[in-house]
Amino acid sequence: MIASAPGKVIIFGEHSVVYGKHAVVSSIGWRCYVNVEKSGDFLITSEFGKTKLDFFGKHSYISYAVKRFSEIKKIRGAKITVKSEIPPDSGLGSSAAVTVATLSALNAEFEAGLSREDIFSLARSVEIDVQGIASGVDSFVSTYGGSWIIPERRRFKTNLEFGLVNSGEKSVTSEMVRRVADLKKEHPDIVNPILDAMDSIAVKGAKCLERNDLKEVKKLFRINQSLLRALGASTPKIDGIIADIEEKGFAAKITGAGGGGYILTTGYGDRISIGGEGVRIEDSEDWRISDNGQG
Ligand code: PMV
């Protein structure tokens with residue numbers, strides 16, 4: 001059975017959302033597709049290669065997804081094949097998307113009867129299994145799709161358009177989340193007010209997005225990026241790219257954990273459609289994976 005799930009952008013609130021602050025997130029048009037077939041043992045195939053269950057290697061999210069699923073419905077084996085349009089280590093939620101799509105395909109293939117909320121909850125556990133700390137926003141938006149204000153789970157709509165620019169550097173979520181946690185422990189008096197300010201940006205940002213107020217959104221992007229930089233989530237390369245984008249008259253910020261990955265802009269770069277669909281069970285005609293997983 002084939003399932004797919006979308007990637008996401010965090011428009012406001014990365015890092016602070018880990019500490020219970022507001023976040024404004026949206027699914028994007030880029031998706032991850034996972035095919036699951038019943039089998040006697042486990043075989044995972046993706047652009048990273050072929051492995052068996054591989055908890056600490058290339059396929060950690062998929063392996064933990066299988067483990068969590070097996071706690072609900074025991075399975076002997078599965079052939080799992082992945083094709084993703086979402087660049088890995090990019091801040092665009094590729095890990096959550098592959099987790100959600102794997103769980104959904106397992107659910108469909110083995111007829112476990114899990115609801116969307118069950119899928120989200122399992123995916124969130126997998127994120128924590130692999131990363132240690134996680135807010136769960138990635139799994140949430142990948143499961144449900146659309147544009148959301150968290151933690152209220154309120155949907156929003158905007159007509160504003162966004163773009164993505166690749167920094168060319170890798171973003172390793174677990175490492176960045178740990179770095180912010182360490183800084184918070186070391187300087188709570190400085191970091192806590194930054195997280196509070198990010199919370200206000202997300203709350204105001206959501207309102208500005210809903211009234212399509214580009215001028216205000218640009219201002220909030222700039223403040224948010226400065227604060228993310230203060231937390232150590234930017235890099236000299238990202239700062240340089242953002243300076244260039246600013247010169248062209250746009251605003252830009254990190255999206256996701258930072259330290260690399262993609263930069264979200266108010267229009268410049270690869271245009272993305274925000275608010276894409278959540279989990280989908282695909283017709284086999286939609287299956288675009290060749291046998292060796294290379295597409
Ligand atoms: O880098 P990504 O796409 O995995 O996003 C991480 C977002 C953080 O807020 C930094 C962490 C989290 O769990 O919310």
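In the predicted model, the side chain of Thr102 reaches the backbone oxygen of Val98 at 2.6 Å. Thr102 lies in helix H2, which spans residues 94–109; helices (H or I, at least four residues) and strands (E, at least two) are DSSP runs, numbered from the N terminus. Thr102 is buried, with a relative accessible area of 0%, where buried means under 20% relative accessible area, exposed over 50% and partly exposed in between (1.4 Å probe, protein chains only). When residues up to four places away in sequence are not counted, Thr102 touches Val34, Val36, Ile62 and Ala65, contact being defined as heavy atoms within 4.5 Å. Although Thr102 and Ala3 are 99 residues apart in sequence, their C-alpha atoms are 7.2 Å apart in space.

Residues are numbered from 1 along each chain as its sequence is written. The model is a predicted one, in which local features need pLDDT of at least 70 and side-chain atom pairs count only at pLDDT 80 or more, while totals for chains, interfaces and linings use all residues, and side-chain values use heavy atoms, with hydrogens and water left out.

The protein chain is divided into domain 1 (2–152 + 275–282) and domain 2 (158–272), with bounds that come from an automatic or database domain assignment. The centres of the two domains, taken over C-alpha atoms, are separated by 24 Å, and 23 residues of domain 1 are in contact with 38 residues of domain 2. Between them, the domains bury about 2600 Å², 71% of it on carbon and sulfur atoms; buried area is the accessible area (1.4 Å probe) that two parts lose on being put together, summed over both. In domain 1, Phe12, His15 and Tyr19 lose the most area to domain 2, together accounting for 27% of what that side buries.

Three salt bridges are counted between domain 1 and domain 2, a salt bridge being a side-chain nitrogen of Lys or Arg within 4 Å of a carboxyl oxygen of Asp or Glu. The side chains of Glu14 and Lys253 meet in a salt bridge with an N to O distance of 3.0 Å. Strand E1 (2–12) and strand E2 (23–38) each supply at least two residues of the side of domain 1 that touches domain 2.

Thr265 is found in strand E10, which comprises residues 262–265, and is buried, with a relative accessible area of 0%. Leaving aside neighbours within four places in sequence, the residues in contact with Thr265 include Phe162, Leu164, Val165, Phe221 and Ile245.

Definitions and conventions. Polar contact = N/O pair within 3.5 Å; in protein donor to acceptor, adjacent residues only side chain to side chain.
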